[in-house]
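Welcome! Let us take a friendly walk through this structure, one step at a time.

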Amino acid sequence: SAVISQKPSRDICQRGTSLTIQCQVDSQVTMMFWYRQQPGQSLTLIATANQGSEATYESGFVIDKFPISRPNLTFSTLTVSNLSPEDSSIYLCSVGDRVANYEQYFGPGTRLTVT
Amino acid sequence: KNQVEQSPQSLIILEGKNCTLQCNYTVSPFSNLRWYKQDTGRGPVSLTIMTFSENTKSNGRYTATLDADTKQSSLHITASQLSDSASYICVVSQGGTGFQKLVFGTGTRLLVSP
């Protein structure tokens with residue numbers, strides 16, 4: 001299985017600022033995804049990070065608010081822009097492995113608190 | 001609407017006891033059903049994956065069942081341990097081949113007390 005690390009593990013940010021979250025995988029993977037988990041809620045897919053091209057966003061999520069980069073097959077970043085208290089959530093990176101029968105593995109998450 | 005509902009929302013059991021968590025889904029088309037364990041402050045970890053043709057799958061003390069006709073699944077935990085305290089999330093994959101869209105339940109929060 002893929003080993004996924006995220007930085008930072010947690011952060012407290014002021015309203016109006018931005019936070020960039022890094023996701024690093026220990027092997028090349030086909031797919032990388034970004035999820036949000038609001039307090040007491042299930043996971044919601046924000047976008048699929050595509051290597052070398054623009055991310056594919058789910059309904060309700062836009063590039064201006066959640067810009068994503070994926071420069072290679074092992075690394076991606078998610079930025080949460082113009083923060084408001086409603087953005088306080090856990091943000092999780094997930095990778096998909098076609099070789100492992102399309103299994104998805106999740107990173108440890110980044111806990112963001114906006115004050 | 002594609003939904004995954006889990007019950008109970010939370011559960012407290014004594015160490016060593018068994019418990020069963022329930023999952024009902026309305027996702028269509030169905031590809032597979034997964035159970036994940038999520039420890040506090042950690043990402044979800046896969047416990048089992050079942051396709052349409054499988055009706056039971058075990059992973060150690062965890063046994064998942066699937067009834068594709070009634071669109072119900074259960075996760076049975078045997079001889080619970082303190083380390084089983086976590087959220088258990090039922091996830092249904094929607095669609096055909098390749099990477100499908102995952103529909104997540106809100107989870108059951110299990111607390112195993114000594």
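This is a predicted model: local features need pLDDT of at least 70, side-chain atom pairs count only at pLDDT 80 or more; totals for chains, interfaces and linings use all residues.

On each side, 18 residues take part: 18 of chain B are in contact with 18 of chain A. How much area is buried between chain B and chain A? The value is about 1,500 Å², and carbon and sulfur atoms give 60% of it.

On the side of chain B that touches chain A, at least two residues each come from β4 (30-38), β5 (45-51) and β10 (101-104). Three residue pairs are in polar contact between the chains, with both residues at pLDDT 80 or more.

Now for the rings. Over all chains, a search of the whole structure finds eight aromatic pairs. One of them joins B:Tyr62 and B:Tyr88, a tilted pair with 6.1 Å from centre to centre and 45 degrees between the planes. Because B:Tyr62 lies in strand β7 (residues 62-67) of chain B and B:Tyr88 in strand β9 (residues 86-94) of chain B, this pair ties together parts that are 26 residues apart in sequence. Both B:Tyr62 and B:Tyr88 are buried. B:Tyr62 has another neighbour to look for: B:Arg61 lies over the face of its ring, 5.7 Å from the ring centre.

Finally, find A:Tyr35, A:Phe106, B:Tyr36 and B:Phe104, which ring pairs link into a cluster.

Methods
Residues are numbered from 1 along each chain as its sequence is written. Chains are lettered from A and ligands numbered from 1 in the order in which they are written. Side-chain values use heavy atoms; hydrogens and water are left out. Rings of Phe, Tyr and Trp (its six-membered ring) pair if their centres lie within 6.5 Å; planes under 30 degrees apart count as stacked, over 60 as edge-to-face and the rest as tilted. Helices (H or I, at least four residues) and strands (E, at least two) are DSSP runs, numbered from the N terminus. Buried means under 20% relative accessible area, exposed over 50%, partly exposed in between (1.4 Å probe, protein chains only). A charge sits over a ring if NZ of Lys or CZ of Arg is within 6 Å of the ring centre and within 35 degrees of the ring normal. Contact means heavy atoms within 4.5 Å. Buried area is the accessible area (1.4 Å probe) that two parts lose on being put together, summed over both. A polar contact is a pair of N or O atoms within 3.5 Å; within protein, one must be able to donate a hydrogen and the other to accept it, and residues adjacent in sequence count only if both atoms are side-chain atoms.
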